[in-house]
Amino acid sequence: MDRLDMEREIFGMLFKTSNGLQVYLDHLLKPDKLTAKQMFLMIVIFTFGQDKPTLKEVAIKSSSSYQNVKQLALKLQKEGYVDIVQDHKDGRKKLLSLTEKAEKYWQQREGRDLEDMDQLFRGCQSEDLEVFLKVMNKLQTNIEGMEA
């Protein structure tokens, strides 16, 4: 297989894997009345630590649109997982934070998540994961450089 064929195969596999992961997570999270995209949004908010990110900051970090993040955040707010407040310094900005309900939810998921991650990456050696992570970071950097 030549380079172009491998690139095409990888391109297709990225979409297939992404779709498969989303379907699996949506199924797994259905009893919790959450979706994979909502879960990802909470993870992104969590990465900001004690800082309350703006909708725009979360959109940038998640490579999503402002409107998509706002829609997901409003659904999470309705379910009690996210607080959305106005920035007291700039009233036009909305700040996001995880609620106590979200914190408790993630704490009780911890054991299940470890098992799911173990199952997902079963058969992958640490060296494989290092190479994969390196390639994915390069792809992300390339995508960010291509964005209009």
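The model is predicted, and its chain has 6 helices and 2 strands. Read from the N terminus, the elements follow the order α-α-α-α-β-β-α-α. Along the principal axes, the C-alpha atoms of the chain fill a box of roughly 55 × 40 × 25 Å.

**The chain as a whole**

- Of the 148 residues in the chain, 24% are buried.
- Among the contacts in the chain with a separation of 6 or more, 44% are made by residues 24 or more positions apart.

**Helix α1 and its partners**

- Two packed helices are described by the angle between their axes and the distance between the axes.
- Helix α1 spans residues 3-29 and helix α5 spans residues 100-120, and their axes come within 13 Å while crossing at roughly 140°.
- The crossing of α1 and α5 is right-handed.
- On the α1 side of this contact are L21, Y24, L28 and L29, which meet Y105, R109, D116 and L120 of α5; by class, the residues of the contact comprise 6 nonpolar, no polar and 2 charged.
- The axes of α1 and α2 come within 8 Å and cross at roughly 90°, and the two helices are therefore roughly perpendicular to each other.
- In the contact of α1 with α2, the residues Q22, L25, D26 and L29 of α1 meet A36, K37 and M39 of α2, and this set divides into 4 nonpolar, 1 polar and 2 charged residues.
- L29 of α1 takes part in the contact with α5 and also in the contact with α2.

**Helix α2 and what packs around it**

- Which residues of helix α2 are buried? In this helix, which covers residues 36-46, they are A36, Q38, M39, L41, M42, V44 and I45.
- These buried residues of α2 pack against the helices α1, α3 (55-61), α4 (66-78) and α5, and also against the strands β1 (82-86) and β2.
- With α4, helix α2 packs at an angle of about 95°, the axes being 10 Å apart, and α2 and α4 are therefore roughly perpendicular to each other.
- The α2 residues K37, Q38, L41 and M42 meet V69, L72, A73, K75 and L76 of α4, and the residues of this contact divide into 6 nonpolar, 1 polar and 2 charged.
- K37 of α2 is among the residues that meet α1 and among those that meet α4.

**Loop residues with a positive phi**

- Most residues other than glycine have a negative phi, and most peptide bonds are trans.
- K33 is not a glycine, yet has a positive phi of about 60°; K33 lies in the loop between α1 and α2.
- With a relative accessible area of 61%, which is over the 50% limit, K33 is exposed.
- S63 likewise has a positive phi, of about 55°, although S63 is not a glycine, and its place is in the loop between α3 and α4.
- S63 counts as partly exposed, because its relative accessibility is 47%.

**S65 in the loop between α3 and α4**

- S65 is also found in the loop between α3 and α4, and at 40% relative accessibility S65 counts as partly exposed.
- A polar atom of the S65 side chain lies 3.0 Å from the backbone nitrogen of N68.
- Between S65 and L55, which are 10 residues apart in sequence, the C-alpha to C-alpha distance is 9.5 Å.

**T99 in the loop between β2 and α5**

- T99 has its place in the loop between β2, which covers 94-98, and α5.
- Is T99 buried or exposed? T99 counts as buried, because its relative accessibility is 10% and the limit for buried is under 20%.
- Apart from its neighbours within four places in sequence, T99 is in contact with G80, Y81, V82 and D83.
- For G80, the backbone oxygen lies 2.5 Å from a polar atom of the T99 side chain.

Terms used:
Residues are numbered from 1 along each chain as its sequence is written. This is a predicted model: local features need pLDDT of at least 70, side-chain atom pairs count only at pLDDT 80 or more; totals for chains, interfaces and linings use all residues. Side-chain values use heavy atoms; hydrogens and water are left out. Axes are lines fitted to C-alpha atoms, for helices over the stretch in contact, and angles run from 0 to 180 degrees between N-to-C directions. Helices (H or I, at least four residues) and strands (E, at least two) are DSSP runs, numbered from the N terminus. A crossing is left-handed if the near helix is turned anticlockwise from the far one by less than a right angle, and right-handed if clockwise. Contact means heavy atoms within 4.5 Å. Ala, Val, Leu, Ile, Met, Phe, Trp, Tyr, Cys and Pro count as nonpolar, Asp, Glu, Lys and Arg as charged, and the others, Gly among them, as polar. Buried means under 20% relative accessible area, exposed over 50%, partly exposed in between (1.4 Å probe, protein chains only). A polar contact is a pair of N or O atoms within 3.5 Å; within protein, one must be able to donate a hydrogen and the other to accept it, and residues adjacent in sequence count only if both atoms are side-chain atoms. Angles under 35 degrees count as roughly parallel, over 145 as roughly antiparallel, 65 to 115 as roughly perpendicular and the rest as oblique.
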